[in-house]
Amino acid sequence: MAKAVTVVAGVICHGGKILIGQRKRHDWHGGKWEFPGGKLESGEEPAQALIRELREELGIDALIGPELRRYLFKYDTRPPVQLIFFEVRDFRGVPVNYEFEQILWENSANLKNYDFLDGDKDIILWLAEKSYS
């Protein structure tokens, strides 16, 4: 089996809502929703990678909170993905959409109504069960 790719994502909470982004139409899995984040670069720790990704994707300086969930997910023919989700409650700046088709703030209970990436479905259920915000 191929070595897992590590991907970090931020569950960014503000005002009782969570920030989600929709992938651009022409990207892999275009139109699907996800939490902001991305792949670790060589030598990066997961929290460092998330700080970098949130700066690149949203223009915010985030204080990374505790790890919420971590699990392995396998998409069809691609190598497995180690997904690590962190809580982000504190950040400087106002999120600006630099990478997505659109971004929006949503209640955790409503996340299940969006067409998320298959790898995110476990965290969506977990957030809904906890009425997370």
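**Charged pairs, pocket and cores**

Glu 44 counts as buried, at 17% relative accessibility, where buried means under 20% relative accessible area, exposed means over 50% and partly exposed lies in between, computed with a 1.4 Å probe on protein chains only. This is a predicted model, in which local features need pLDDT of at least 70 and side-chain atom pairs count only at pLDDT 80 or more, while totals for chains, interfaces and linings use all residues. Residues are numbered from 1 along each chain as its sequence is written, and side-chain values use heavy atoms, with hydrogens and water left out.

**Salt bridges**

- The structure holds 13 salt bridges, a salt bridge being a side-chain nitrogen of Lys or Arg within 4 Å of a carboxyl oxygen of Asp or Glu.
- Asp 61 is partly exposed, with a relative accessible area of 29%, whereas Arg 92 is exposed, at 60%.
- Lys 121 and Asp 118 form a salt bridge of 3.1 Å, N to O, and both partners are partly exposed, Lys 121 at 38% relative accessibility and Asp 118 at 34%.

**Largest pocket**

- The largest pocket holds about 640 Å³ of space, a pocket being an open set of points on a 1 Å grid over the protein atoms alone, with protein on both sides within 12 Å along at least five of seven lines, and its lining residues having an atom within 4 Å of a point.
- Its lining has 26 residues, and those nearest the centre of the pocket are Val 7, Arg 23, Trp 28, Glu 34 and Lys 39.
- Strand 1 gives the most to this lining, with 4 residues, and the elements that each supply at least two are strand 1 (5-14), strand 4 (37-39), helix 1 (46-58) and strand 7 (81-88), where helices (H or I, at least four residues) and strands (E, at least two) are DSSP runs numbered from the N terminus.

**Nonpolar cores**

- The largest nonpolar core has 22 residues, and those with the most contacts inside it include Val 11, Phe 35, Phe 85 and Leu 127; such a core is a set of buried Ala, Val, Leu, Ile, Met, Phe, Trp, Tyr and Cys residues joined through side-chain atoms within 4.5 Å.
- Two or more residues of this core come from each of strand 1, strand 2 (17-22), strand 6 (67-73), strand 7 and helix 2 (121-129).
- Phe 85 lies in strand 7 and is buried, with a relative accessible area of 1%.
- Leaving aside neighbours within four places in sequence, Phe 85 is in contact (heavy atoms within 4.5 Å) with residues including Ala 9, Val 11, Phe 35, Tyr 71 and Ile 123.
- Leu 127 touches Val 11, Ile 18, Phe 35, Ser 108, Leu 111 and Tyr 132, not counting residues up to four places away in sequence.

Conventions:
On a 1 Å grid over the protein atoms alone, a cavity is a set of points where a 1.4 Å probe fits but cannot get out, and a pocket is an open set with protein on both sides within 12 Å along at least five of seven lines; lining residues have an atom within 4 Å of a point. Grid points are joined across faces, edges and corners, and a volume is the space filled by probe spheres set on the points.
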